[in-house]
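Please keep the structure open while reading.

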Amino acid sequence: MWNSIFKRDLYSFFCSNSIYFVMIAYILLSMIVTFLGGLYIITPNQNMISFFAFQPQIFAIIIPAITMRSWAEEQRSGTIENLLTFPIATLNMTLSKFGAAFIAGSLLLVFSLPLLVTTTIYLQPDWGSIICSYLGLLGTISILTAAGCLVSSIFSTPAIAYLLGFLSGTLWINFNWGSFFIAKLNNAPFYFERILNFSDIYQIFLNGQINISAIFYFLSLLLLLLFANWLIIDYRRK
Amino acid sequence: MAQRAVNMLEVQNLSKKFDSFMALDDINFQAQKGEIITLLGPNGAGKSTLMRCICGYLHSNCGKVIVDGDELHDNLIPVLQKLGYMPENTPLYPEMKVLEYMQFIAGIYKMSSSEQNRQFEIAISKLNLQPVLTQKIGTLSKGYRRRVGIASAILHQPQLLVLDEPTEGLDPNQKIALRQFLKEYAQNALVIISTHLLEEAEALATRVLIINKGKLIRDTTVKELKQHAPKGDLAQLFFDLTNGAAKNVE
C-alpha cells in the first residue's frame, strides 16, 4: 500500500535536522499559546479548549516548513528529472508526497499527549469534544499540507514555497471568507457566512459536533487542492 | 510471411523550442537492440534535450518518440517501465545511503525480493559499489555518484538505457570498466549515451549521431567518420562539422 515515494519522503523528513527545529518550534508555540494565551491553568479545560483554540494558527506556521521541500527541493536539486521519468502515475506521486507530509505533520500531535494525560487525571475530560477537536485539527492539517504541496510544486525555491505556504494558510484560517463573498456577490445566500469561514467550521468541531457541511467543507477543499497539484505535475509531464 | 522487426526506438520529426530558441530541429532516427549510440556534439548542441525528450521528461513541440512500438506520451507508464535513464550531473538524494537508494529504486519498479537480490548483486559487482553501500550519497565522490546513478538506471534491466555523459568525472580505470560493462549490457538492449568526447565515441559506439545547433548533422559509424577525417584526425573532422565547414569534408 505504501509506495516507495511515500516511504522515501517520510524517511527524508525524519532524516533531516530541520524536523527537530519544526518539533521544537511546535512544542514552544503550543506551550506559549496554551498556557499564556489560552490560560490553561485557570480556564475550565475539560475540552482542552486552551490547546485547540489556536492550533490552526500554529500549524499554519509549522506545516509549510514540512511541505516546502516536497516538490521544490526535487526541482532545485534536479531529482525531479528522475522522479518524472519513473513509471509511476502522476496521481500516485501527488498522493504519496501529500500523504508523507500529512503523516509527518499529524505526528506532531503526539506532543499534545502529556496535556491530554494531565487533563484526564486532574479534570473530567469531555471526550466527545476532545475527539471532535482532534478530527477538526486533522482536517485543518490536511488542507494546510495540500496547500503547501501545491505551492511547493509551483516554485523551485523552498524558502519561497514556505513563505507562500504560510501566507496562504494564514489567510485561509484568519480571513472572513463568508462576509467577503456576501459583500462581493449579489444575492449570495446568507449561509455563506457559516459555510465558508474556517473559524465557523472549526468551531463546530470544538463544540464536539461533526456535521455533513463541515466534512464536505474539508473534503471539497482537500480534493480541489490535490487536483490542482496533480494538474501542475501532470502538465509538466504531458 | 516474415514479420518486420519493431525498432527499439524511433524518433520521428522531433522538434523542441524554448521560447524562440530551437533546441531540437526535426530529428529523425531509428535504433535497434544491440546498438550503442553515442550522441556527439559540442556543449549546448541539444544532446541532453534530445535525451530528455526520449525519456519523456520534456515534451517535444512536434514529432514522436516510439519505444518498442509504443508512442511515448500515449503509453507513458508502460514505456517508462522499459527505460532506464541517468540525467546529466546524476541528481540523487544526498541524505540516503547507497543501498537505501537502490532499495528505493527497486520499490519504484516493484521488484520482488529475489529479483531485487539478483539485480543488486549484478549492479554492485559490475559497478564496484561494495565499498560505499552503507555510505550516504551526499558524501560520495563524483565518480561513485555516477556509478550509483548508472546502477539505479540498470537495476530493472531496461531494454532502452539512456545515460547522459556517463563517464564524466570517472578516472581512466573506471571509464574502461564502465565501457566494458556497457558493451556487455548492449547485447540485449539499446544503449544511448551522450558525450562531447571523441575518445568516448571511438571506444564505445556502434553508431554515432552528431548533433549541432539542434540538428542531426551526421548519422554514421566511427569507421565511416575516420574515413572522412582529414589524415584520420577525428578532432579536426568534428571541428569542421560543428563549425559549419561540413561541405569541406564531403
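The notes below go topic by topic.

This is a predicted model: local features need pLDDT of at least 70, side-chain atom pairs count only at pLDDT 80 or more, and totals for chains, interfaces and linings use all residues. Residues are numbered from 1 along each chain as its sequence is written, chains are lettered from A and ligands numbered from 1 in the order in which they are written, and side-chain values use heavy atoms, with hydrogens and water left out.

**Sheet in chain B**
- An open sheet of six strands runs in the order E6-E7-E8-E3-E9-E10 (chain B), with mixed pairing. Strands (E, at least two residues) and helices (H or I, at least four) are DSSP runs, numbered from the N terminus. Two strands pair if DSSP finds at least two bridges between them.
- Strand E6 (83–86) and strand E10 (215–220) of chain B are the edge strands, each pairing on one side only.
- Neighbouring strands of this sheet are turned by 15 degrees against each other on average, direction ignored. Axes are lines fitted to C-alpha atoms, for helices over the stretch in contact (heavy atoms within 4.5 Å). Angles run from 0 to 180 degrees between N-to-C directions.
- Strand E3 (residues 36–40) and strand E8 (residues 190–195) of chain B pair in the parallel sense over five bridges. Ile36(B) has Val191(B) as its bridge partner in E8(B).
- E6(B) and E7(B) also pair in the parallel sense, over four bridges. Met86(B) stands opposite Leu163(B) in E7(B).
- Leu83(B) and Tyr85(B) point one way from E6(B), Gly84(B) and Met86(B) the other way, and all are buried. Buried means under 20% relative accessible area, exposed over 50%, partly exposed in between (1.4 Å probe, protein chains only).

**Helices**
- Helix H5 (residues 142–154) of chain B lies across E6 and strand E7 (160–164) of chain B, at about 165 degrees to E6(B).
- In helix H9 (residues 127–154) of chain A, 22 of the 28 residues are buried, so the helix is largely enclosed by the rest of the structure.

**Aromatic rings**
- Phe86(A), Tyr93(B), Tyr101(B), Phe104(B) and Tyr109(B) form one aromatic cluster. Rings of Phe, Tyr and Trp (its six-membered ring) pair if their centres lie within 6.5 Å; planes under 30 degrees apart count as stacked, over 60 as edge-to-face and the rest as tilted.
- Over all chains there are 17 aromatic pairs. Tyr93(B) and Phe104(B) have ring centres 5.9 Å apart and planes at 75 degrees, so this pair is edge-to-face.

**Cysteines**
- Zero disulfides (cysteine sulfur atoms within 2.5 Å) occur over all chains.
- For Cys53(B), the nearest cysteine sulfur is that of Cys55(B), 9.4 Å away. Cys53(B) is buried at 2% relative accessible area.
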